[in-house]
Amino acid sequence: MTRRGIDLAVDEINRAGGIKGRALKIVPRDDEASGSKAATIAQEFVDDPKILAVIGHVNSGAMLAASRIYHGQLTAVATTASSPDLSGASPWVFRVISSDSLNGVILARFASRIGGDAAQMKHAAILYENDSYGRGLADAFRRAFRGTIVSFDPISENVEAEPFVSYLKMKQPGIVFVAGREGSALAILREARRQGLEAVFIGGDGWQGIVSDTAAANGAYVGTSFNAADRKAAVQRFVRAFERKYRIKPDAFAALAYDATRLLAEAIARKGNDRGAIREYLASLGSATAFDGVSGPVYFNKSGDPIGMGFHVAQVTGGTLVSGASGIAVPAPVEVAAAEHP
Amino acid sequence: MSEATAGTLTIRRLLGLGFAVLILLLILAGIVGWAAIANLSGEVGARFRHANEVTQQSARFSHVITQQVQAATTYLSEGDVASENEFRRLGLEAHGLHRSFTSQRSELAGEVANTVAVDNRLAEVENAFAVAHRLRDLGRTEDARIQAQKARQGVQQLIAELQRVDKANNMAFVRASDELNEHATKRSALLITVIGFALALALVIVVRTSREIGRPLRSLVRHAIQLSRGNLLNRTATPGMPGEFRTLAEAMNHASESLSRVVSGAAETADDVARSAGDLASASKQIADSAGQVAEAVGEVSLGAESQVQQLRKVNDALEGIRARADAMVAGASEVHALAGAIEAEAEAKRSEMDRALEILLEVRSIVQKAAAEVSGLTATAAEINDFVVSVSRIAEQTNLLALNASIEAARAGPAGRGFAVVATEVAKLAEQTQTAADDVVRLTEAVTTRVTTTSRAMEGSAAHVGEIERVGRELNGALATIVAAAERTRQSAATVSSSAQENVRAVEGAVQNLGSVARTAEGHAAAAMQVSASTEQQSAACEQMTSASTQLLVGSRQLKGLVGGLRTAAA
């Protein structure tokens, strides 16, 4: 979805004449969500003088490893890398998604309220993918949840869900919070469905892809920084263009990638082929000069985190994310975040 | 000399240049050495610090991981919640450490990749243990054991991974150390080359300089020996000599020529000198004589000046006496002035008293005159009284005749006339008594008239006396006025005298001073004259010395002539 967001933005820019008459070109690389791979790719980008800026990385761990390489050399705008560890990693690294230290809190507040006063709903189990993203989001949730944490288990991306679901069935928590991505999410949801585990499932922005399994995902809650149903003209124009091109609705990954691409295109248009000037431009954005993105206005604090974007909880209903379906939409006062596999 | 050094390479220049280059090279060597050492020690320090940090972090990381695995294993065997919490906590700590690794280590992609691999391996181990823990909680101990086995394999791999990172670090360290070594060797070689070059240059300079000095020095020595033997005809050839030697050789050649010229000229000059010395001796003798005469004359002048000074001193003393007397005169004039003032005041007082006395006298005179007039009036009254008494006496005589007639008639009238006879008697008596009284009055009046006449005469005398007194008083008054005027004039004269006397004193003082300076000048003149006299005497003595010196000169010039004859010269 990230790639689709980028491609749509590039199409739109080049169709409108490119940047000062020159076409914007994307050099795509897949870091396979691996820090080692990301570091190697980052070095390649830094060494290539034709590359002016980086959109990405998507994954927090990869972004963290790559940020050391970009430091002092090349501007990178992460799309969905939301780990708190990334805050202030380097003045050359920015992100359009807010930090999990905030997103985890928003999700935990939602979880603390959803069950009213029911005793069972005051018990939450936490499963997290054992990487920068999962650890950061799970830790933020654990600290902010008002109730008992019955378990706090690390899982891998392709988790064997059976022992964990069996354990949860034994413990009977009212809420299961999973800080992970689509792969582990679907494995757990399907196993829960199979074992008949009755619990409210909540995931972070990494869960947005679960809508593909309509049956297993139905009813689960997902944190997102993008609302496709937003009535703002720019959002609707983006949603329509996206649907026309790809025949599906865009999610937050696509929206953030679209925003990051257009933001960097704007920086290059203003500052030309100067890596340092591009960084200065991004750092100089303020509330008055914020870039108007489909996921919200974009400008950054000193740690490179975005200010002013929204993050809220949506529910999977009939194969789509419905914002405010449960009647609970948490407006984010300051920042937003997400991370995804390419 | 300057033309010799210009354009020629002098030894000094050669040496200066050579040593400058030498010193520069040595400084260069020093700087290169210092920079190399400083750079090297900085690099070594940085490498060691980095290595130390990496080693410490690795040790801490390994320690945490070991504890974590220990906690996980404990939970598997005993199932206590504390161990699991410890397992989780240590896991987060290990990941945190890894994060600080990533941010602190080298920015090389390879190193970052290595540390990321360690983190991923740790995550796998944790995940495996988590599954094992849940299986154990579910009572599936066999599955749990298998899972734990898998986890332990992961631990082995993790340790291998850590070792790989450490090894990579060590390799990097060894490489760095090799590089440093190589750098040090290169820099040493450079340093040795620079020093070697400097030494070679020094050798060249020494050889060249000794050769440059030796050759010309020998020919110059030969020249000097010839010169010392009195041979002034020898010359040294200069071409090909270094700057300083050429200058020296030219100077010696020049000196030989000059000496040659001087010696031949000296012989002629010696004759001239001998002649001149003779003339000089006689001239100086004449001068000595005339100087003696001058000295004598000046001595007399000096004596005259001294007697003049003595006389001036006497005049001065006299003037001092005059001045003292003038001072006394001033004092006397002042006294006279004061006295005249006192007299004038006194005379003025007396005069006013005299005026009052005169006034009183005038009053007395008028009173006396009035009294005289009154007395004159009394005399007239006494004459009137006499007239009256004469009348009364006549009346008393007629009365008495009447009484006698009456008594004659009463006696005629017999008894009837007795009573009348008695009255006639009584009237006779009365007439008698009246006659007596009238006599008394006459007598008394005469006495009064006498007394009045006496008084009148006395009064007239008094008035005359008073007039006399007045006249004397007026004369006295006039005399007093004269005294006052005279005192006034005396006072003014005394003041004039006093100021004149003071002026005299000042004039005398001025004269004394002038005279003093004149005396001093005269003394100076006397001293100067004495000095002149002494100088003239010295001059006279000097002339005598000159005379004897001239004589010696004459002798010397003859000897010189003899000596010069012994030298070989161009003229000879």
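# Briefing on a two-chain predicted model

In chain A, three strands form an open sheet in the order E1-E2-E3, and their pairing is parallel. Strand E1 (53–55) and strand E3 (93–95) of chain A lie at the edges with a single partner strand each, so one side of each has no neighbour in the sheet.

- Strands of a sheet are joined through backbone hydrogen bonds, and the pairing may be either parallel or antiparallel.
- Averaged over this sheet, and with direction ignored, neighbouring strands are turned by 20° against each other.
- E1(A) pairs in the parallel sense with strand E2 (residues 75–78) of chain A, and three bridges connect the two; Ile55(A) has Val77(A) in E2(A) as its bridge partner.
- Helix H3 (residues 60–70) of chain A packs on the sheet and touches E1, E2 and E3 of chain A, while its direction makes about 165° with that of E2(A).
- Helix H11 (residues 275–284) of chain A also packs on the sheet, where it touches E1, E2 and E3 of chain A, and its direction makes about 45° with that of E2(A).

**A residue in helix H3 of chain A**

- Although Leu64(A) and Val93(A) are 29 residues apart along the chain, their C-alpha atoms are separated by 9.4 Å.

**Strands around E12 of chain A**

- Strand E12 (residues 312–317) of chain A has five of its six residues buried, so the rest of the structure largely encloses this strand.
- Strand E8 (residues 221–224) of chain A pairs with E12(A) in the antiparallel sense over four bridges, and within this pairing Tyr221(A) has Gln315(A) in E12(A) as its bridge partner.
- E12(A) also pairs with strand E13 (residues 320–323) of chain A, again in the antiparallel sense and over four bridges, with Thr317(A) standing opposite Thr320(A) in E13(A).
- E12(A) and E13(A) form a hairpin with two residues between the strands, and in this hairpin Gly318(A) takes a positive phi near 55°.

**Two helices of chain B**

- Helix H2 (residues 11–78) and helix H5 (residues 141–228) of chain B have axes that come within 10 Å and cross at roughly 170°.
- Angles over 145 degrees count as roughly antiparallel, and H2(B) and H5(B) are therefore roughly antiparallel to each other.
- Sorted by class, the contact of H2(B) with H5(B) has 37 nonpolar, seven polar and five charged residues.

**Where the two chains meet**

- On the chain B side, 21 residues are in contact with 26 residues of chain A.
- Helix H3 (81–104) and helix H4 (109–137) of chain B are the elements that give two or more residues to the side of chain B that touches chain A, and H4(B) gives the most, with 14 residues.
- By class, this side of chain B has ten nonpolar, four polar and seven charged residues.

**Confidence in chain A**

- The average pLDDT of chain A is 86, and 94% of the residues score at least 70.
- Over residues 325–342 of chain A, however, pLDDT stays under 50, and for these residues the model has 83 contacts beyond four places in sequence.

Conventions
Residues are numbered from 1 along each chain as its sequence is written. Chains are lettered from A and ligands numbered from 1 in the order in which they are written. This is a predicted model: local features need pLDDT of at least 70, side-chain atom pairs count only at pLDDT 80 or more; totals for chains, interfaces and linings use all residues. Two residues are in contact if their C-beta atoms, placed from the backbone, lie within 7 Å. Ala, Val, Leu, Ile, Met, Phe, Trp, Tyr, Cys and Pro count as nonpolar, Asp, Glu, Lys and Arg as charged, and the others, Gly among them, as polar. Two strands pair if DSSP finds at least two bridges between them. Axes are lines fitted to C-alpha atoms, for helices over the stretch in contact, and angles run from 0 to 180 degrees between N-to-C directions. pLDDT is the predictor's confidence in each residue, from 0 to 100. A residue is buried if 20 or more other C-beta atoms lie within 10 Å of its own, exposed if 12 or fewer, and partly exposed in between; C-beta atoms are placed from the backbone. Angles under 35 degrees count as roughly parallel, over 145 as roughly antiparallel, 65 to 115 as roughly perpendicular and the rest as oblique.
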